[in-house]
Amino acid sequence: MVANSGFILDLTVALGASATGGYLANRLRQPVLLGYLLSGLVIGPLGLQLINDTDAIQGLAELGVAFLLFSLGVQFSLAELNRVRNVALQGSLLQIGLTTAAVAIISSLLGWANSWVQGIFLGTVLSLSSTAVVLKTLTERGETNTRHGQIMLAILIVQDLALGVMLAIVPSLNSQGALLPILGLSLLKVGAFISVAIAAGYWLVPRMIRAVARTESGELFLLTLLALCLSVALVTARLGLSIEIGAFAAGLMIAEIDYADHALSRFLPLRDTFACLFFTSIGMLIDPQILFQNTGIILGLVALVMVGKALIVLPVVLSFGYSFKTSLRTSLGINQIGEFSFVLALVGLENNLISEQKYLLLLGTTAITLVFTPILFKFATPIAETLLKSPRLQKYLTIWEAPQDLWIENELSNHIVVAGYGRVGQVVVNILQQQGHYPILVIENNEAAIQTLRHHQLPYILGDADSEQILEKASLDKAIALAITLPDPASARLLLKRSLAISPDLDVIARAHITAEIDSLTQAGAREVVQPEFEAALELGSHLLKILGNAPTDIQDTMEAIRHNRYLSIRGGR
């Protein structure tokens, strides 16, 4: 009983410290996993020594890793990957290969790695980026549906998928004997396991999940998910592979069935609880003295990693025909080291592919890159604009800013330009088409949307709408109106500024994503600024007033008055 009480006390301390560290990190607008790392450092054996049984916490942390990889498999989306499949598949594999090769060569030449095997391992660790931090940054900036946002997320999906392969082969890298036969045997095991997993995922698992779901028992559903995750993980462990790849494969088994979203929603609280213990347990391994003694080395590694990965990602994305601005945003968004690198590095430490000191230096470097990511990404657009204006670089960089494709039958005049052909842009175009009075020109940088425009035989320009080279082709000086429906707030503001510079009397209607953009877009010269959230509220309010018996003219006057003062009367404290 005393031992059990001691374990419960350790678990309470670990969870309490994780919650405190995560809260403080969140308030400082930093990734919460940094709070978990620091809380582990504080309470661990090299800190205040508040935890007595670190082995037990490490055991629970292994569950956290399994649950983390299981949920990653459930969230894997072929549909999202298909949107930008070329750069996602070919580009991400090229990025991983180039990063691994560059790190292997540099680390071997500088003596950081004792062998090519260790250099390759370090390269795979550094090649991964942070899905959690990038997604959080894009969401906060409202850029998840932008061109660069889609490219970044697609590359991250493939990186996460590649993690499964890495976890499968890492244990064999340091095995005795010839490397190629050992790797071949490992890949053969992986191939056999994946074949069985695909068969089970197609015939057995969906039937089992559906049968359990029909019971309408939440507890039974969650227990089934846990049993599936851990049993498949144990099978891979018996095969000499890692439990992580088993958990990931278990998630993939239910990724495409109808209950995948429901499974994920039930599983997330459990995953988050144990995942925080994983990051806290890593923090317990950090020796502050080593970090302080090697601060200069760590900062140098941070600069080398972030600049190096950006320089690798930039030409890779450019090679797929994307503009310089989109490529630079992407390169400065995924140039950090990811949270799954912690998982891979820990497996490498256990298999003697990395020393404990280098592991700790890697942890410190990773943590700092995660902090710098949102800051650096914030300046991606200004950096791109500055470089594009440079007289020495302009003639080279504007090659990628020019229209990649355009279809305009005749010289346009008295036309309406629609920037963006997403959900909002499509509705605007459909409304204009129904009227049939005005020529339409759409500017879009998404190839899938362009295919739709080709099908409907609508004039289009493929490229970034805020590019000066693109706007020159749009004949804005002869247009009567411009509708800005771009998902990227920064691009919308830049497009507004440049379009009015070309045609000061142009009527511009712009979409605002957040309340703060309403005034900034209006002050920049937009005739009308529409905020979809407020428009939905107005529509609900008008229907409610109609039900309450208000006259239609009074309702219309009320709504128009609210729009006239830019929603000011209903913004409240926002």
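Is Gly201 buried or exposed, going by relative accessibility? Gly201 counts as buried because its relative accessibility is 16%; buried means under 20% relative accessible area, exposed over 50% and partly exposed in between, with a 1.4 Å probe and protein chains only. The model is predicted, so local features need pLDDT of at least 70 and side-chain atom pairs count only at pLDDT 80 or more, while totals for chains, interfaces and linings use all residues. Residues are numbered from 1 along each chain as its sequence is written, and side-chain values use heavy atoms, without hydrogens and water.

**View A. Gly201 lies in helix 9 (residues 179–214).** Helices are DSSP runs of H or I with at least four residues, numbered from the N terminus. Leaving aside neighbours within four places in sequence, Gly201 is in contact (heavy atoms within 4.5 Å) with Pro206 and Met253.

**View B. The largest nonpolar core has 90 residues.** Such a core is a set of buried Ala, Val, Leu, Ile, Met, Phe, Trp, Tyr and Cys residues joined through side-chain atoms within 4.5 Å. Leu69, Phe70, Ile254, Phe278 and Leu344 touch the most other members. Helix 12 (residues 260–285) gives the largest share, 12 residues.

**View C. Helix 25 (residues 532–547) and helix 26 (residues 552–564) cross at roughly 160°.** Their axes, lines fitted to C-alpha atoms over the stretch in contact, with angles from 0 to 180 degrees between N-to-C directions, come within 10 Å. The two helices are therefore roughly antiparallel (over 145 degrees). Residues meeting here include Leu538 in helix 25 and Met559 in helix 26.

Key:
Angles under 35 degrees count as roughly parallel, over 145 as roughly antiparallel, 65 to 115 as roughly perpendicular and the rest as oblique.
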